[in-house]
Amino acid sequence: MALSGQVAKRPYAVKVAGVPVVLWRGREGLRAFRDRCPHRNYPLSAGRIEDGRLVCAYHGWAFTGEGACAAVPGCATADLSRLKAERVAVAEWQGMIFVSLKPEDRLSDGLPDIPQGHDYDHFWWAMKPQRARVFDALDNVLDPFHTNFIHDGLIRVKHRRQRVEQTIETFENGFEATYIQNTDYGWMSRALEGERARSRGRYIPPVAFQGRWEGRKGLNLCVTIWFVPEDEHTVQPMARFTTLKSKGPAWLKQVMIRLFLFQVIQQDADALTKLHDNIAAFGGPQFHAGPGDRVSDKLMRLYNGGKLVPEVLGPYHIEL
Ligand code: FES
Ligand SMILES: [Fe+2]
């Protein structure tokens with residue numbers, strides 16, 4: 001994935017599940033190819049865009065948006081029909097570019113529902129790539145119990161908990177946990193949020209999470225995060241933040257959210273790297289579900305391509 005603005009006049013290199021991909025805009029619009037020239041495998045992202053074609057920097061072969069080779073310099077009369085760059089699926093949505101290595105993938109299906117319209121402000125945050133596993137990142141963000149420890153003082157606190165009602169709704173291809181509670185005891189929650197009525201955490205397979213925090217009068221914050229697998233060991237979170245317009249100027253909210261969340265994100269990133277390294281040291285994960293782990297099994301099933309039976313579970317009473 002990339003931000004729309006990152007792909008402009010030059011080819012742009014990204015990595016998707018370990019595979020180098022080049023994004024570029026030509027005559028036919030936005031395109032994504034595996035980042036290797038079919039000739040000698042030179043990275044196409046090192047080339048340039050000329051007359052709406054992607055031109056390899058090694059021998060100057062030029063490719064159309066369909067991947068067809070349109071020119072081989074020095075061989076004007078040759079039949080080029082065998083020579084093709086490898087296209088992969090790409091879609092642009094709300095200022096973000098999504099890539100999938102499966103060409104048949106319908107990328108626009110299964111996109112999260114984000115509040116739209118004049119009532120909302122949005123911004124994207126392309127976070128630093130982290131050494132982490134995608135599964136652990138999803139599990140972390142859907143798990144409320146770590147917040148009292150890893151984010152002690154900021155979001156929740158270790159030594160003071162409140163009673164929370166948790167309800168889980170499962171869908172064939174996702175689930176959402178709702179937490180009815182008052183504002184958390186951490187200072188950041190207190191400073192940013194006001195009174196809380198409920199929060200929700202939703203998993204949208206394969207790699208997206210959406211959190212919503214609601215006050216008595218409606219939505220305070222919606223955060224949608226795609227945990228993009230650059231390779232097996234690296235995750236780049238791309239987050240879309242949505243707030244109600246009434247709550248102050250958009251730029252100020254963006255600055256505040258970035259400032260406040262910077263430390264929280266760092267704390268999670270550190271934890272995820274520790275998990276990653278320790279899991280690698282032991283040759284693989286070995287998880288034992290605790291009494292509060294009501295969504296991890298569902299996450300695991302969906303993440304591995306399975307489905308869930310739609311139902312509502314709970315309410316459960318927990319302390320957070
Ligand atoms: S490697 Fe690309 S043109 Fe030769
Ligand atoms: Fe966290």
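User: Why is D277 called partly exposed?

Analyst: This is a predicted model, and the values are computed from it. D277 has a relative accessible area of 31%. Buried means under 20% and exposed means over 50%, so D277 falls in between and is called partly exposed.

User: What makes the pair of D277 and R131 a salt bridge?

Analyst: The closest N and O atoms of D277 and R131 are 2.4 Å apart. The rule asks for a side-chain nitrogen of Lys or Arg within 4 Å of a carboxyl oxygen of Asp or Glu, so the pair qualifies. D277 is in helix α4 and R131 in strand β12 (residues 130-131), so the two residues, 146 apart, link distant parts of the chain. R131 has 42% relative accessibility and therefore counts as partly exposed. By this rule the count comes to 17 salt bridges.

User: How do you know that D136 is buried?

Analyst: The relative accessible area of D136 is 2%. The limit for buried is under 20%, so D136 is buried. This residue sits in helix α1 (residues 134-142). Leaving aside neighbours within four places in sequence, D136 is in contact with L272, L275, I279 and F287. D136 also forms a salt bridge with R133, with 2.7 Å between the closest N and O atoms.

User: What makes R198 and E214 a salt bridge, and which strands hold them?

Analyst: The N to O distance between their side chains is 3.5 Å. The cut-off is 4 Å, so R198 and E214 count as a salt bridge. R198 lies in strand β15 (residues 198-204) and E214 in strand β16 (residues 208-215), so the bridge ties together parts that are 16 residues apart in sequence. Salt bridges that share partners join E176, R198, R200, R202 and E214 into one network.

User: Why do R198 and E214 get their accessibility labels?

Analyst: R198 has a relative accessible area of 29%, which is between the limits of 20% and 50%, so R198 is partly exposed. E214 has 14%; buried means under 20%, so E214 counts as buried.

User: Which atoms coordinate the iron ion (ligand 2)?

Analyst: The donors are H146 (NE2), H151 (NE2), D268 (OD) and D268 (OD), at 2.1 to 2.3 Å. Donors must be within 2.8 Å of the metal, so these atoms qualify. In sequence the donor residues are spaced H-x4-H-x116-D. H151, in the loop between α2 (147-150) and β13 (163-171), and D268, in helix α4 (residues 250-281), are 117 residues apart and link distant parts of the chain. Both H151 and D268 are buried.

User: Why is the arrangement around the iron ion (ligand 2) called irregular?

Analyst: The four donor atoms subtend angles of 58 to 143°.

Conventions. Residues are numbered from 1 along each chain as its sequence is written. Chains are lettered from A and ligands numbered from 1 in the order in which they are written. This is a predicted model: local features need pLDDT of at least 70, side-chain atom pairs count only at pLDDT 80 or more; totals for chains, interfaces and linings use all residues. Side-chain values use heavy atoms; hydrogens and water are left out. Donors are N, O and S atoms within 2.8 Å of the metal (3.2 Å for Na, K and Ca); water is not among the atoms, so sites may look incomplete. Four donors count as tetrahedral if all angles lie between 85 and 135 degrees; four count as square planar and six as octahedral if opposite donors are over 155 degrees apart and all others between 65 and 115; anything else is irregular. Helices (H or I, at least four residues) and strands (E, at least two) are DSSP runs, numbered from the N terminus. Buried means under 20% relative accessible area, exposed over 50%, partly exposed in between (1.4 Å probe, protein chains only). Contact means heavy atoms within 4.5 Å.
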